[in-house]
Amino acid sequence: MAKTKLEYVWLDGYKPTQCLRSKTKIVSDFDGTLESCPMWSFDGSSTQQAEGNSSDCLLKPVAIFPDPGRKNAYLVMTEVLNPDKTPHISNGRALIDDDDNDFWFGFEQEYFLWNPDTNLPLGFPTGGYPRPQGPYYCSVGSNNAYGREIVEEHLDLCLEAGINVEGINAEVATGQWEFQVFAKGAAAAGDQIWIARYLLERTAEKYGLSINWHPKPLKGDWNGSGMHANFSNSILRTAGSKDVYDMVCESFGPRVKEHIEVYGADNDQRLTGAHETQSIDKFSYGVSDRGASIRIPIGTVENGWKGWLEDRRPASNGDPYKIAARIIKTVKTAEVAVEAAI
C-alpha cells in the first residue's frame with residue numbers, strides 16, 4: 001500500500017505578524033487531488049489561536065502542490081477554521097471577495113538572507129559594514145551577490161511545485177533578494193506566496209540561515225523590504241481611459257489608514273518618503289513614479305491605458321490574503337463611478 005506525506009501548512013495567530021506552521025499527515029493510496037485531502041485539526045492553544053480548555057482548531061485544505069523537497073509528498077495550504085467550521089479570526093483568506101477570480105495579482109516579495117549567528121544579513125562583515133548600497137542590485141560575483149545557491153535552489157523548488165514564479169533578482173542591499181509570483185485570482189496568488197515563503201524558509205534551514213521578513217531590518221541608508229502588489233481586474237485590463245485609472249487610484253486616497261493597517265507591521269520604518277517610498281501617512285500616484293503610493297506602469301499607458309496598477313506600500317512581512325482583500329474592497333468602491341464613465 002503506497003504511503004504519501006501531506007504537509008499541512010497554515011498561519012498561526014501571532015500578532016502583529018503571523019508565522020507559518022506545518023505538520024505532516026501520512027495517508028495511503030493518495031491520488032494527488034485537493035478533494036482527497038481530509039480536514040485535519042491542531043492544538044490552537046500552542047499557536048495563540050485557542051484556549052487550552054477548548055484547543056481544537058480545524059485545517060481546511062484550499063490548495064495543493066507537489067513537494068519537490070521530499071519523496072512521495074505534497075504541500076497542502078490550509079485555512080484555519082473554528083470547530084463549527086466558521087473562519088477563525090486569524091483567517092485572512094476568508095476576507096477575499098473575489099469568487100469569480102476577476103482580480104489578478106502579482107506580488108514582488110523582497111527578503112533578506114539572515115545569519116542568525118551574527119544577527120546580520122548574509123555578506124555583512126562581523127564588526128563592520130559592507131560597501132554602501134549600489135553594487136548589489138541585480139549583481140553578479142562573490143563581492144556583490146551573497147547566497148545565490150540558496151536563491152537558485154528555492155527557485156527550482158518553486159517551479160517544480162507548480163508555483164508561478166515569474167522572476168528573481170538580487171536587491172539593493174547586501175544579502176537582499178526578491179522573487180515575483182503572479183496568479184489569476186487573489187486567493188490563488190496568496191496561496192502561492194505563502195507556499196513559496198514556506199519553501200524559502202525550509203531551504204534556508206539547510207544552510208543554517210534564516211529569512212528576515214522585517215520591512216526595515218537594516219537601519220540607516222539602506223532600502224527596506226516590500227511586497228509590491230501589482231493588480232488588475234477586467235475594468236483595468238480593458239479601460240482604455242486615463243480617467244478610469246484616475247478614478248480607481250483616487251478611491252485609495254481616503255483609505256490610507258485602512259490599507260496601512262493590513263500592509264505589514266513596522267512599515268512606518270520603511271515608508272519614510274525616502275528609498276523609493278511615499279510617506280506612510282500620505283497618498284500619491286503617478287506614471288512610473290516609484291516614490292508614489294501607487295505607480296501606474298508605463299506599459300499600461302503605452303498599451304492605451306489597459307493594464308494594471310502597482311501598490312508599492314505593502315511590506316515584505318504583510319499577509320498577501322489581507323492585502324489583496326483590502327485592495328479588492330477599495331477598487332470595488334470605485335466601480336459604480338468607473339462603469340458610468342465607461
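Q: Why is aspartate 102 called buried?
A: Buried means under 20% relative accessible area, exposed over 50%, and partly exposed in between (1.4 Å probe, protein chains only). Aspartate 102 has a relative accessible area of 18%, so it is buried. This is a predicted model, in which local features need pLDDT of at least 70 and side-chain atom pairs count only at pLDDT 80 or more, while totals for chains, interfaces and linings use all residues. Residues are numbered from 1 along each chain as its sequence is written, and side-chain values use heavy atoms, leaving out hydrogens and water.

Q: How do you know that aspartate 102 and arginine 237 meet in a salt bridge?
A: A salt bridge needs a side-chain nitrogen of Lys or Arg within 4 Å of a carboxyl oxygen of Asp or Glu. Here the N to O distance is 3.2 Å, and the count by this rule comes to 13 salt bridges.

Q: What makes this pair a tie between separate parts of the chain?
A: Aspartate 102 is in the loop between strand S5 (73–81) and S6, whereas arginine 237 is in helix H3 (residues 234–238), so the pair ties together parts 135 residues apart in sequence. Helices (H or I, at least four residues) and strands (E, at least two) are DSSP runs, numbered from the N terminus.

Q: How do you know that arginine 237 sits over the ring of tryptophan 104?
A: The rule asks for NZ of Lys or CZ of Arg within 6 Å of the ring centre and within 35 degrees of the ring normal. The charged end of arginine 237 is 3.7 Å from the centre of the tryptophan 104 ring and sits over it.

Q: Are glutamate 261 and lysine 257, which form a salt bridge, buried or exposed?
A: Glutamate 261 has a relative accessible area of 54% and is therefore exposed. Lysine 257, at 59%, is exposed too. Their closest N and O atoms are 2.5 Å apart.

Q: Why is the pair of tyrosine 111 and tryptophan 213 called tilted?
A: Rings of Phe, Tyr and Trp (its six-membered ring) pair if their centres lie within 6.5 Å; planes under 30 degrees apart are stacked, over 60 edge-to-face, and the rest tilted. These two rings have centres 6.0 Å apart and planes at 55 degrees, so the pair is tilted. Both residues are buried.

Q: What makes phenylalanine 124 and tryptophan 222 a tilted pair?
A: Their ring centres are 5.6 Å apart and their planes stand at 50 degrees, so the pair is tilted. Phenylalanine 124 counts as buried at 9% relative accessibility, and tryptophan 222 is buried at 8%.

Q: Why is arginine 197 said to have no salt bridge?
A: With Lys and Arg counted as positive, Asp and Glu as negative, and His and the chain ends not counted, the nearest side chain of opposite charge is aspartate 319, 6.1 Å away. Arginine 197, found in helix H2 (residues 186–206), is buried without a salt bridge.

Q: What makes the pairing of arginine 197 with glutamine 109 a polar contact?
A: A polar contact is a pair of N or O atoms within 3.5 Å; within protein, one must be able to donate a hydrogen and the other to accept it, and residues adjacent in sequence count only if both atoms are side-chain atoms. The side chains of arginine 197 and glutamine 109 make such a contact at 2.8 Å. Arginine 197 also lies over the face of tryptophan 213, at 5.2 Å from the ring centre.
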